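Hi,

Here is the structure I promised to pass on. Have a look at it first, and then read my notes below.

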Amino acid sequence: MSTYVYGITAGSHPSLPEGMDGVGDPPCPVRVIQESGLAAVVSDAPEGLRPKRKDLLAHQNVLAEVGAAGPVLPMRFGSIATDDATVAGVLAERANHYKERLDALAGKVEYNVKASHEEEAVLHRVMAENPELRALTEANRQAGGGSYQQKLKLGEMVVAAVKSREAEDAAELQHVLEPVADAVSAGPESSGWLANLSFLVVRESAEMFLTAVEQVRKSHPHLDVRVNGPLPPYSFVDPGPSEPADNTIGSDAGTDAEVDRIQDRMQEPVQE
């Protein structure tokens, strides 16, 4: 049976809580593979695993338990190797890289920040900022609403102004929060958000980061800013140099794009 990989820790990491279960139905018992001073937290890989909420939650729970006792490099949901020997081989081959990452991420957590526009508020803002828009709106009003072409032109100008404001707000959000984080990683684009950013934050500085988020909310009332964390640092693991094809811990739960979406879902609150 294939091996499902949750994450990688130092070999000296405290042992797992007794009876910890992972993904699958029934849940597969979690175990540890030790190699080259590292430990991979794994279980058997269920057949036909898909990103159902129950299994996403199980994946997160394992990482939360392991991460509570020390640094862990979280693997993506659906990371599967051929067998335990393959996992041990990857640990041996990339030991230096994984140890460097564990050191770099020690004491740090990830916060995912998503932002979208409050529709009415952003419309008021772009109108206030753009005299040409205001003039055209007033001209159309005085003309009883304006012709079809005039309405079309106004609509296109409003859409362009909102689009431009989206880009400006995304850049400003990152500019304000980046100084209170160690690193930032852009998440997959989605039509629902103008910004989807993950920040690597020193655990002891989390309050400072959250205060900065709150300041953004207050200073930008036309933005709906949502923050989720602390999370395992999913976006900052860095899988390392390319690997031989027969020595891979890869995702078997979908295409790269699907895995990106799954990863994005795992940065949102998961509830049973």
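What follows is a short tour of the pocket, salt bridges, helices and backbone details.

Before you start, this is a predicted model, so keep in mind that local features need pLDDT of at least 70 and side-chain atom pairs count only at pLDDT 80 or more, while totals for chains, interfaces and linings use all residues. Residues are numbered from 1 along each chain as its sequence is written, and side-chain values use heavy atoms, with hydrogens and water left out.

**The pocket**

Let me begin with the second largest pocket, which has a volume of about 340 Å³. A pocket here is an open set of points on a 1 Å grid over the protein atoms alone, where a 1.4 Å probe fits, with protein on both sides within 12 Å along at least five of seven lines; lining residues have an atom within 4 Å of a point. Points are joined across faces, edges and corners, and the volume is the space filled by probe spheres set on them.

There are 22 lining residues, and G67, V109, R203, L231 and P232 lie nearest the centre. Which elements supply at least two residues each of this lining? They are α1 (53–67), β4 (72–74), α3 (95–105), β6 (108–117) and β9 (223–231). The largest share, five residues, comes from α1.

By class, the lining has 15 nonpolar, five polar and two charged residues.

**Salt bridges**

How many salt bridges are there? The count comes to eleven, taking a salt bridge as a side-chain nitrogen of Lys or Arg within 4 Å of a carboxyl oxygen of Asp or Glu.

One of them joins D84 and R31, with the closest N and O atoms 2.8 Å apart. D84 is in helix α2 (residues 84–93) and R31 in strand β2 (residues 31–35), so this pair ties together parts 53 residues apart in sequence. D84 is partly exposed at 29% relative accessible area, and R31 is partly exposed at 26%. For these labels, buried means under 20%, exposed over 50%, and partly exposed in between (1.4 Å probe, protein chains only).

Two others sit within single helices. E129 pairs with R125 at 2.9 Å between the closest N and O atoms; the two are four residues apart in helix α4 (residues 119–129), about one helical turn. R141 meets E138 at 2.5 Å, N to O, and these lie three residues apart in helix α5 (residues 131–142), again about one turn. R141 is exposed at 55%, whereas E138 is partly exposed at 31%.

There is also a network of salt bridges linking R125, E129, R165, E168 and D169.

**Helix faces**

Helix α7 (residues 206–219) has 14 residues and reaches 20 Å from its first C-alpha to its last, close to the 20 Å expected. That expected span is 1.5 Å times one less than the number of residues. Its buried residues are A206, F209, A212, V213 and V216. Seen down the axis, they fall within an arc of 125 degrees, so they line one face of α7; the arc is that of the directions from the helix axis to the C-beta atoms. On the other side of α7, E207, M208 and K218 are exposed.

Which residues of α3 are buried? They are A95, H97, Y98, R101, L102 and L105. These fall within an arc of 165 degrees down the axis of α3, so they line one face of the helix. N96 and D103 are exposed on the other side of α3.

**Backbone details**

The D25 to P26 peptide bond is cis, with omega near 5 degrees, and P26 is in the loop between β1 (3–10) and β2. The bond from G229 to P230 is cis as well, with omega near 5 degrees; P230 is in strand β9.

Finally, S36 has a positive phi of about 55 degrees although it is not a glycine. S36 lies in the loop between β2 and β3 (38–44) and is partly exposed at 30% relative accessible area.

Best wishes

Methods:
Nonpolar A, V, L, I, M, F, W, Y, C, P; charged D, E, K, R; others polar.
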